[in-house]
Every structure is written in C-alpha cells, then in structure tokens.
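Biologist: I have a model open on my screen and would like to learn how to read it. Could you walk me through it, starting with the pocket?

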Amino acid sequence: MRRRRIEKRVVHPDPRFGSRLVQRFVHMVMMGGKKSIAEKIVYGAIDMASTKANSQDPLAVFQKAVENSRPLVEVKSRRVGGATYQVPIEVRQDRGTFLALKWLRDFARGRAGKPMKDKLAEELLAAYQGQGSAVKRKEDMHKMAEANQAFSHYRW
C-alpha cells in the first residue's frame, strides 16, 4: 500500500442523549453548518416519533428505527471478461449504519408538504415499525443480493 490508513474521526456524543449515533445523524441532517437547526429538527423528530409509538424511551425508538433499516448485504458491480456482474458483499457495521441514516434522511427530505421535523418523525416511526421507504430499500437490496448469489465467487 502506498498510503497510510485514514483514521476514523471520533464523533463526540450529543448533549441530550449522550449518543454518538444521534450526533452522527445531526451532522448528516445539517445543511450549511446550521447545527442548532439540525439539532432542533432531529430532537423534535425523535420526540414526535416516540410519542406516536407510545414509548417511554425516545433513544430506543431512534436506535430501533436505524437497526430496522440497516442493510446486511449490498451488491457491487464487478467487471469480469467484458461482462458486469452484481456481486453481493457483506456490509461492515459502520457502513450499514451510514446507509441507514442516509436513507432515513433522504426519504424524509423526499416527502412532500410538511416541515422537515414532521417528515423525519414519520420516516423514523415507519422504520421503527418495520415499514417505510428506508426499510423497503434495505429489503430490495437484500433481494438483489440474494438474486445474484451465483456471482458471489467473484468477490475480491
């Protein structure tokens, strides 16, 4: 290897829940460096989702929503002898978490007609219940990996 390994940056826990996962999500939702606005959106969405789920612990609702939308396998394109194959590979835990957070954010942004806090709360609640767009994306990814299992020997 020519270059050294990139060190992972340490994300400090968020002030309210003391969770690194929530802080990562705040950073992901943040636009243009407006962290206080991102915190209001995320904390408000987590509170709304836990209220609608009739749960005492808002952090548990958020963690379960992320867990339900975290993929275990994904497909990567490999070019072998002029043909391109979709090769299923296992997803590392941190990448799976990243994908889950990204999907939750993107599908919440894609919803129409409400403030971001409400859209994010709806997406979190749907993921918590095992429904919603982020969970569907995970299931689609798993189906695609299963369908292309025959090409798993092209893994590198």
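Modeller: Helices and strands here are DSSP runs, numbered from the N terminus. With that in hand, the largest share of the lining of the largest pocket, 4 residues, comes from H1. Please keep in mind that this is a predicted model.

Biologist: Which helices each supply at least two residues of that lining?

Modeller: Helix H1 (20-29) and helix H4 (93-110) do. The lining consists of Lys-8, Arg-9, Val-11, Arg-20, Arg-24, His-27, Met-28, Asp-94 and Phe-98. About 300 Å³ of space lies in this pocket.

Biologist: How do the lining residues divide into nonpolar, polar and charged?

Modeller: There are 3 nonpolar residues, 1 polar and 5 charged. For this count, Asp, Glu, Lys and Arg are the charged types.

Biologist: Let me step back to the whole protein. How many helices and strands are there?

Modeller: The protein has 6 helices and 2 strands. Read from the N terminus, the order of elements is α-α-α-β-β-α-α-α. The C-alpha trace spans about 55 × 40 × 30 Å along its principal axes.

Biologist: And what share of the residues is buried?

Modeller: A residue is called buried when its relative accessible area is under 20%. Of the 156 residues in the protein, 38% are buried. The accessible surface comes to about 9900 Å², and carbon and sulfur atoms hold 50% of that.

Biologist: How should I read contacts along the chain?

Modeller: Two residues are in contact when heavy atoms lie within 4.5 Å. Among the contacts with a separation of 6 or more, 61% join residues 24 or more positions apart.

Biologist: Back to H1, then. Why is H1 described as largely enclosed by the rest of the structure?

Modeller: Because 7 of its 10 residues are buried, H1 is largely enclosed by the rest of the structure. Those buried residues are Leu-21, Val-22, Gln-23, Phe-25, Val-26, Met-28 and Val-29. They pack against helix H2 (35-52), helix H3 (58-68), H4 and helix H5 (116-128). Notice that Met-28 is among the buried residues of H1 and also lines the largest pocket.

Biologist: Which residue caps the N-terminal end of H1?

Modeller: Ser-19 does, with a side-chain oxygen 3.2 Å from the backbone nitrogen of Leu-21.

Biologist: What does the side chain of Asn-68 reach?

Modeller: For such polar contacts, look for a pair of N or O atoms within 3.5 Å. Asn-68 sits in helix H3, and its side chain reaches the backbone oxygen of Tyr-128 at 3.1 Å. Setting aside neighbours within four places in sequence, Asn-68 is in contact with Ala-127, Tyr-128, Gly-130, Val-135 and Lys-138.

Biologist: What about Asp-57?

Modeller: Asp-57 also lies in the loop between H2 and H3. With a relative accessible area of 40%, Asp-57 is partly exposed. From C-alpha to C-alpha, Asp-57 and Asp-47 are 9.2 Å apart in space, and they are 10 residues apart in sequence.

Conventions:
Residues are numbered from 1 along each chain as its sequence is written. This is a predicted model: local features need pLDDT of at least 70, side-chain atom pairs count only at pLDDT 80 or more; totals for chains, interfaces and linings use all residues. Side-chain values use heavy atoms; hydrogens and water are left out. On a 1 Å grid over the protein atoms alone, a cavity is a set of points where a 1.4 Å probe fits but cannot get out, and a pocket is an open set with protein on both sides within 12 Å along at least five of seven lines; lining residues have an atom within 4 Å of a point. Grid points are joined across faces, edges and corners, and a volume is the space filled by probe spheres set on the points. Buried means under 20% relative accessible area, exposed over 50%, partly exposed in between (1.4 Å probe, protein chains only). Accessible areas come from the Shrake-Rupley method with a 1.4 Å probe; for residues, only the protein chains shown count as cover. A polar contact is a pair of N or O atoms within 3.5 Å; within protein, one must be able to donate a hydrogen and the other to accept it, and residues adjacent in sequence count only if both atoms are side-chain atoms.
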